[in-house]
Amino acid sequence: MPRPPSKPVALVPVDRSHRAVLENLGQLFRHDLSEAYSLLPNADGTFNNRRLDLFRTDPQRRAWLITVAGGLGGFVMTLLGDDGATSITDFFVVRALRRMGVGREAARLLLATVPGRWSVAFQSYNPGAQRFWSQVATDAAGDSWRMYDDPPVEGRPPDTWITFTT
């Protein structure tokens, strides 16, 4: 089967009318993380998504749908931290669009929309994520970015962080 179109990529700010769409995509995202985090679905077949719950109540959190060729391609959620840096808390591109430049373009659009200091966490068990975010940071800030590891946390893989300023 031919792959779906991968251009143009756009970000659509999430508002109340997108609630169900964001919840549904959030389930796919949580499923993607289920192996690394040893997550099992609830009795009703859904995964908990506490960050989505926080998005609804915390004004420091923002979300965008990623659209591709006019169709739905994923989502990204951010948090403005107390230190003034923006963190990407969730970044999801549907599997059919991965490795086609959609995620990289969505990240570029996001960084252009919200300029400033950024911190992005990922898990080092996922070398694809490290390559992806290193390239995003290089595209945005040249060689003026840094990477470091958090200490291990019980019950989940430790985070590796990339920080840079756009």
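Begin by selecting helix H2, residues 50-57, which lies across E2, E3 and strand E4 (86-93) and runs at about 115° to E2. Helices (H or I, at least four residues) and strands (E, at least two) are DSSP runs, numbered from the N terminus. Axes are lines fitted to C-alpha atoms, for helices over the stretch in contact (heavy atoms within 4.5 Å), and angles run from 0 to 180 degrees between N-to-C directions. This is a predicted model, in which local features need pLDDT of at least 70 and side-chain atom pairs count only at pLDDT 80 or more, while totals for chains, interfaces and linings use all residues. Residues are numbered from 1 along each chain as its sequence is written, and side-chain values use heavy atoms, with hydrogens and water left out.

Next, select the seven strands, which form an open sheet of mixed pairing in the order E1-E2-E3-E4-E5-E7-E6. Strand E1 (9-13) and strand E6 (145-149) are at the edges; each has a single partner strand, so one side of each lacks a neighbour in the sheet. Two strands pair if DSSP finds at least two bridges between them.

Now display E2 (residues 61-68) and E3 (residues 71-80), antiparallel strands joined by eight bridges. Within this pair, Leu65 stands opposite Phe75 in E3.

Then select helix H3 (residues 102-113), which lies across E1, E2, E3, E4, strand E5 (117-123) and strand E7 (159-165), at about 50° to E1.

Finally, select His18, in the loop between E1 and helix H1 (19-37). Is His18 buried or exposed? At 17% relative accessibility, His18 counts as buried, a term meaning under 20% relative accessible area (1.4 Å probe, protein chains only), with exposed over 50% and partly exposed in between. Neighbours within four places in sequence aside, His18 contacts Val12, Pro13 and Leu65.
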